Amino acid sequence: MTDSHLNNSTYAVQFYEPSFYSQWNKLVYNSKNGTFLFHRDFMDYHQDRFQDASVIIFKNDKPIAVFPANKVEKTIFSHQGLTYGGLVYSAKLKFHAVLEVFKSLLLFFESEGFNTLQIKQLPAIYSSIPNDESNYLMFLMEAKLIRRDMLSVVKLSEEVAFSKDRKDGVKRGVKNQLVVKNDNLFDDFWNTILIPNLEDKHDAKPVHSLNEIKLLQERFPNNIKQFNVYRNNELVAGTTIFITDQVAHSQYISGNADKNQLGSLDFLHDFLLKTAFKNKPFFDFGISNENQGKQVNSGLLYWKEGFGARSMTQDFYSVPVCNHVKLNNVML
């Protein structure tokens with residue numbers, strides 16, 4: 001055992017290092033539950049803000065799983081810079097193997113002096129096939145549920161049924177001759193709408209700076225797209241969409257002061273749901289939670305549900321790494 005390496009009879013666990021770049025990305029690409037957020041070119045854009053503690057797990061010198069992570073003192077987080085996380089692996093890995101891999105992961109973190117693991121689970125819609133092994137492992141290890149967020153999701157294979165308010169908004173957009181363009185012009189949206197709105201309403205800033213989102217879109221042109229709404233060639237609203245195999249997700253949504261009068265956001269999402277992403281399985285509006293998941297912004301939720309979105313949850317767990325012992329003798 002070294003500072004960054006643990007072997008047992010079956011698995012070898014190592015901290016990620018740049019020499020693993022290709023192996024890591026290939027595994028993510030071929031996994032059942034990986035998205036472009038786990039690609040190293042996405043994860044590393046904010047490496048100056050996080051101490052990376054990502055792990056790659058090998059069997060017979062072949063990578064079989066990765067765990068995107070960062071560290072803060074003696075706690076390991078499934079990466080705090082990502083919307084979701086957890087163990088990423090191939091559909092070929094059956095439950096018993098997943099259990100043993102996860103146990104090896106915890107043994108490794110224990111050997112490195114960490115005492116707690118916090119996991120931000122992957123919402124079910126982001127995996128191409130069933131992916132709840134981790135939820136069951138959390139139960140076995142008596143992990144503590146520390147937060148639960150509520151996503152608003154539209155199943156696009158079903159008929160998208162808008163409420164009267166949303167239909168009226170779309171009609172206002174048509175009347176005002178609005179135009180939606182996937183032009184990937186981030187500058188005006190960030191500087192004239194998104195940043196001022198977040199500052200004014202929430203005293204906050206976008207998670208991604210303008211330069212960061214432009215860099216990421218350059219790296220992932222098929223996964224990050226900017227849709228802007230114009231009236232007489234003037235920008236009035238927009239949204240930044242993160243696109244995975246299963247889901248189109250609104251990372252940012254914002255409109256100018258006239259958005260309700262113009263119907264700009266309703267008109268925009270009518271286009272997204274019924275045209276741009278109609279062939280995706282799901283559209284994820286994201287959360288409407290505040291106060292660490294314990295409260296819901298009712299106005300925001302009302303707006304999302306008006307497009308036919310309904311709720312699903314994302315769980316956050318904390319577990320002592322020593323609880324790997326609770327994974328012994330599970331299989332009869």
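Colleague: What do the axes of helix 5 (residues 164–175) and helix 9 (residues 264–276) do that describes their packing?

Modeller: In this predicted model, the two axes come within 7 Å and cross at roughly 100°. Local features need pLDDT of at least 70 and side-chain atom pairs pLDDT 80 or more, while totals for chains, interfaces and linings use all residues. Residues are numbered from 1 along each chain as its sequence is written, and side-chain values use heavy atoms, without hydrogens and water.

Colleague: Why is helix 5 called roughly perpendicular to helix 9?

Modeller: The crossing is roughly 100°, and angles of 65 to 115 degrees count as roughly perpendicular (under 35 is roughly parallel, over 145 roughly antiparallel, the rest oblique). Helix 5 is therefore roughly perpendicular to helix 9.

Colleague: Which residues of helix 5 and helix 9 meet?

Modeller: D165, R166, G169, V170, R172, G173 and V174 of helix 5 meet D266, F267 and D270 of helix 9, where contact means heavy atoms within 4.5 Å. By class, the contact of helix 5 with helix 9 divides into three nonpolar, two polar and five charged residues. Gly counts as polar, and Asp and Arg are among the charged residues.

Colleague: What makes helix 3 oblique to helix 4?

Modeller: The axes of helix 3 (residues 95–111) and helix 4 (residues 133–140) come within 11 Å and cross at roughly 55°. That angle makes helix 3 oblique to helix 4. Helix 3 passes helix 4 in a right-handed crossing, the near helix being turned clockwise from the far one by less than a right angle.

Colleague: How many nonpolar, polar and charged residues does the contact of helix 3 with helix 4 have?

Modeller: The contact of helix 3 with helix 4 has eight nonpolar, no polar and one charged residues. F95, V98, L99 and F102 in helix 3 meet E133, Y136, L137, M138 and L140 in helix 4.

Colleague: How do you know that strand 9 and strand 14 pair?

Modeller: Two strands pair if DSSP finds at least two bridges between them. Strand 9 (residues 144–155) and strand 14 (residues 282–287) have four, in the antiparallel sense. The bridge partner of L151 is I287 in strand 14.

Colleague: Why are strand 5 and strand 10 called edge strands?

Modeller: Ten strands form an open sheet with mixed pairing, in the order 5-6-8-17-9-14-13-12-11-10. Strand 5 (69–72) and strand 10 (179–181) each pair on one side only. Strand 5 pairs with strand 6 (residues 75–78) in the antiparallel sense over four bridges. N70 stands opposite F77 in strand 6.

How values were computed
Helix = DSSP H or I, 4+ residues; strand = E, 2+ residues; numbered from the N terminus. Axes fitted to C-alpha atoms, helices over the stretch in contact; angles between N-to-C directions.
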